[in-house]
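Let's read a protein structure together, one question at a time. Keep it open beside you as we go.

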Amino acid sequence: MDENGINQWNKTKYDEIYPQSYYERHAEKGSVFVLANKNSKEIVCAAVIKYEDERWKDKENAVYIHNFVSKVGENNIGRMFLRYVEEYAKSKGVKYIRLDSAQDNEKLSQYYETQGFLPVGTCEEGMYKGILRQKTLSR
């Protein structure tokens, strides 16, 4: 992130805001989703999936993707993971998949838009300034 001029997890004390205990709590609730390499069993993509998000002021029927990460160099893993979340969300009958991305990360913004996540607002949390994005699901 530093090498690419991205001021996100590397600058906002992300590991303090979301310590290991945060992920352990969500894992106990069954809301940590992972994608692993079928040969090595190494986790190559992961996120916390929620049904509520304090950054969004409405109460729409949605699934929220948080803490989304993918391993650098694993081509199309993020896209594959997002497709899985979309199928999961459809099975739960929700109308939207939602997430946010840093305002100053143009490359990530373009990526999410190619995946169908359109900007619908903004959010701020401490040093983080984000773009709220959603994808409307077809039924």
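Predicted model: local features only at pLDDT ≥ 70, side-chain atom pairs only at ≥ 80, totals over all residues.

Me: Great! In what order do the six strands of the open sheet lie?
Reply: Helices (H or I, at least four residues) and strands (E, at least two) are DSSP runs, numbered from the N terminus. Two strands pair if DSSP finds at least two bridges between them. The pairing in this sheet is mixed, and the order is E1-E2-E3-E4-E6-E5.

Me: Which strands are at the edges?
Reply: An edge strand pairs on one side only. That is the case for E1 and for strand E5 (118-125).

Me: Which residue of E3 is the bridge partner of Ala 46?
Reply: E2 and E3 run antiparallel and are joined by five bridges. In E3, the partner of Ala 46 is Val 69.

Me: What angle does the direction of H3 make with that of E3?
Reply: H3 packs on the sheet, touching E1, E2, E3, E4 and E6; contact means heavy atoms within 4.5 Å. Axes are lines fitted to C-alpha atoms, for helices over the stretch in contact, and angles run from 0 to 180 degrees between N-to-C directions. For H3 and E3, the angle is about 160 degrees.

Me: How far does helix H3 reach from its first C-alpha to its last?
Reply: H3 covers residues 77-91, which makes 15 residues. The expected span of a helix is 1.5 Å times one less than its number of residues. For H3 the expected value is 21 Å, and the helix reaches close to that, at 21 Å.

Me: Which residues of H3 are buried?
Reply: Buried means under 20% relative accessible area, exposed over 50%, and partly exposed in between (1.4 Å probe, protein chains only). An α-helix has 3.6 residues a turn, so residues three or four places apart point the same way. The buried residues of H3 pack against several elements, including helix H4 (106-114). They are Ile 77, Gly 78, Phe 81, Leu 82, Val 85, Glu 86, Tyr 88 and Ala 89.

Me: Is Asn 67 buried or exposed?
Reply: Asn 67 is found in strand E3, and its phi is positive, about 55 degrees, although it is not a glycine. Its relative accessible area is 9%, so Asn 67 counts as buried.

Me: And how much relative accessible area does Asn 76 have?
Reply: Asn 76 lies in the loop between E3 and H3. Its phi is also positive, near 65 degrees, in a residue other than glycine. Asn 76 is partly exposed because its relative accessible area is 46%.

Me: Which side chain makes a polar contact of 2.8 Å with that of Arg 98?
Reply: Arg 98 lies in strand E4 and is buried, with a relative accessible area of 2%. A polar contact is a pair of N or O atoms within 3.5 Å; within protein, one must be able to donate a hydrogen and the other to accept it, and residues adjacent in sequence count only if both atoms are side-chain atoms. The partner at 2.8 Å is Gln 134.

Me: Last one: how many disulfides does the structure hold?
Reply: A disulfide is a pair of cysteine sulfur atoms within 2.5 Å. Cys 45 is buried at 1% relative accessibility, and Cys 123 is buried at 8%. The number of disulfides is zero.

Conventions: Residues numbered from 1 in each chain as written. Heavy atoms only, no water.
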